[in-house]
Amino acid sequence: MLEDLDTLARKVRELAEMAQSLRTENQQLRAQLAAASTELETLRGRVEQATQRLDAVLERLPAPAPAPAPNPGTPWNT
């Protein structure tokens, strides 16, 4: 009977240690998730700014000239 109680006490201790370990790991994962979410929002903002700058540059470019009509007398068009 004492041996059974010792075994049970050991298992309860192991379970408590495992629960504490999982709590600690969960806190670390939550912190990592928060940091990753913050970084993601920062990157999204930077992509949005870059997109706006690129759109502004594209608006200032002149329209492309129409392509010349093919010349049927050239050797590569025969």
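Buried denotes under 20% relative accessible area, exposed over 50%, and partly exposed the range in between, with a 1.4 Å probe and protein chains only. The model is predicted, so that local features need pLDDT of at least 70 and side-chain atom pairs pLDDT 80 or more, while totals for chains, interfaces and linings use all residues. Residues are numbered from 1 along each chain as its sequence is written, and side-chain values use heavy atoms, without hydrogens and water.

**View 1. Gly45 in helix 1.** Gly45 belongs to helix 1, where helices are DSSP runs of H or I with at least four residues, strands are runs of E with at least two, and both are numbered from the N terminus. With 30% relative accessibility, Gly45 is partly exposed. The C-alpha atoms of Gly45 and Leu29 lie 24 Å apart in space, at a sequence separation of 16 residues.

**View 2. The salt bridge between Glu14 and Arg10.** The closest N and O atoms of this pair, Glu14 and Arg10, are 3.2 Å apart; a salt bridge requires a side-chain nitrogen of Lys or Arg within 4 Å of a carboxyl oxygen of Asp or Glu. Because Glu14 and Arg10 are 4 residues apart in helix 1, about one helical turn separates them. Glu14 is partly exposed at 41% relative accessible area, and Arg10 is partly exposed at 38%.

**View 3. The salt bridge between Glu41 and Arg44.** In this pair, Glu41 and Arg44, the closest N and O atoms are 3.1 Å apart. The two residues, Glu41 and Arg44, stand 3 residues apart in helix 1 and are therefore separated by about one helical turn. Glu41 has a relative accessible area of 48% and is partly exposed. The count of salt bridges comes to 2.

**View 4. A nonpolar surface patch.** Met1, Leu2, Leu5, Leu8 and Val12 make up this nonpolar patch, with about 580 Å² of accessible area together. Patch members have over 30% relative accessible area and no salt bridge; like charges are joined within 9 Å, and nonpolar side chains (Val, Leu, Ile, Met, Phe, Trp, Tyr) within 5 Å. Accessible areas follow the Shrake-Rupley method with a 1.4 Å probe, and for residues only the protein chains shown count as cover. Leu2 lies in helix 1, which covers residues 2-60, and is exposed at 64% relative accessible area.

**View 5. The chain as context.** The chain contains 1 helix and 0 strands. Its C-alpha trace spans about 105 × 35 × 10 Å along the principal axes. Of the 78 residues, 1% count as buried.
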